[in-house]
Amino acid sequence: MENEEEVIREVLLKYKNVATVGFSKDPSKAAFQVPKFLMDHGYNVIPINPSASEILGKKSYPSILDVPDKVEIVEIFRPSNEVPKIVDQVLERVNKVGDVKVIWMQEGIRNDEAAEKARKAGLIVIQDRCMYREYMKKIYNVNNPPPVSSLKNS
């Protein structure tokens, strides 16, 4: 298997359709700032938040199963104990639609059992890594990126 750092770089360069489970409406939270950063850097980010109808002008969906658009990465901003249910929904989507390639659990989020289940189904799984930080490191070669909250909101 490839080195995880190479896999992360390849994922960031290759896949641009990101469904963010737990995309927050609160601009002070990382679960808002990271997806916004990705949007500002050319990614098509689809909010998954059952308590919002839209975030940053994009329609929000109650679950990954409700998204009509192509999804390549499912970025998870939910507690680790919610990951198995999300992975089950992703696998159900993969069986029906076949589009998801990557499950990305943000920094502080991991569930080894659910990750293994997703890997066995052929998905790339990245755990406990921040998409913003990894983008800054792998694409801009910034070894110690500033907190996403310090970036100017455009």
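1. Is phenylalanine 23 buried or exposed? In this predicted model, phenylalanine 23 counts as buried because its relative accessibility is 0%, and the cut-off for that class is under 20% relative accessible area. The residue has its place in the loop between strand E1 (17–21) and helix H2 (30–40).

2. Once its neighbours within four places in sequence are set aside, phenylalanine 23 is in contact with Ala31, Phe32, Pro35, Met39, Val45, Pro47, Ile48, Asn49, Ile55 and Leu56. Proline 62 lies 39 residues away from phenylalanine 23 in sequence, and the C-alpha to C-alpha separation of the two is 11 Å.

3. Most residues other than glycine have a negative phi. Leucine 56 counts as partly exposed because its relative accessibility is 38%.

4. The loop between strand E4 (58–59) and strand E5 (73–76) holds serine 63, and serine 60 lies in the loop between E4 and E5 as well. Serine 60 is buried, since its relative accessible area is 4%, and serine 63 also counts as buried, at 12% relative accessibility.

5. For each of these two serines, a side-chain polar atom can be paired with a backbone atom. In serine 60, a polar atom of the side chain lies 3.0 Å from the backbone oxygen of asparagine 49, whereas in serine 63 a polar atom of the side chain lies 3.0 Å from the backbone nitrogen of leucine 65. Not counting residues up to four places away in sequence, serine 60 touches Pro47, Ile48, Asn49, Ala52, Ser53, Glu54 and Ile55; for serine 63, with its neighbours within four places left aside, the contacts are Ile48 and Gln89.

6. The largest nonpolar core has 27 residues, and those that touch the most other members are Val11, Val34, Ile73, Trp104 and Met131. Two or more residues of this core come from each of helix H1 (4–14), H2, strand E6 (102–105) and helix H5 (131–140), with H2 giving the largest share, five residues. Valine 11, when residues up to four places away in sequence are not counted, touches Ile73, Val102, Trp104, Ile124 and Ile126. Another core lies apart from the largest one; this other core has 24 residues, among them Ile46, Ile76, Ile86 and Ile103.

7. Asparagine 141 lies in the segment after H5. Its phi is near 55 degrees, again a positive value in a residue other than glycine. Asparagine 141 is exposed, because its relative accessible area is 61%.

8. Turning to open space, the largest pocket has a volume of about 340 Å³. Its lining is made up of 17 residues, of which Val21, Gly22, Pro50, Arg78 and Glu82 are the closest to the centre of the pocket. By class, seven of the lining residues are nonpolar, six are polar and four are charged. Helix H3 (residues 83–96) gives the most to this lining, with three residues.

9. A last point concerns alanine 121, which is found in the loop between helix H4 (112–120) and strand E7 (124–126). Alanine 121 is partly exposed, because its relative accessible area is 44%, and that value falls in between the cut-offs of 20% for buried and 50% for exposed. Alanine 121 and valine 94 are 27 residues apart along the chain, while their C-alpha atoms are separated by 9.0 Å.

Note on methods:
Residues numbered from 1 in each chain as written. Predicted model: local features only at pLDDT ≥ 70, side-chain atom pairs only at ≥ 80, totals over all residues. Heavy atoms only, no water. Helix = DSSP H or I, 4+ residues; strand = E, 2+ residues; numbered from the N terminus. Buried < 20%, exposed > 50% of the residue type's maximum accessible area, 1.4 Å probe, protein only. Polar contact = N/O pair within 3.5 Å; in protein donor to acceptor, adjacent residues only side chain to side chain. Contact = heavy atoms within 4.5 Å. 1 Å grid on protein atoms, 1.4 Å probe; cavity = no way out; pocket = protein on both sides within 12 Å on 5 of 7 lines; lining within 4 Å. Points joined across faces, edges and corners; volume = space filled by probe spheres on them. Nonpolar A, V, L, I, M, F, W, Y, C, P; charged D, E, K, R; others polar. Core = buried A, V, L, I, M, F, W, Y, C linked by side-chain atoms within 4.5 Å.
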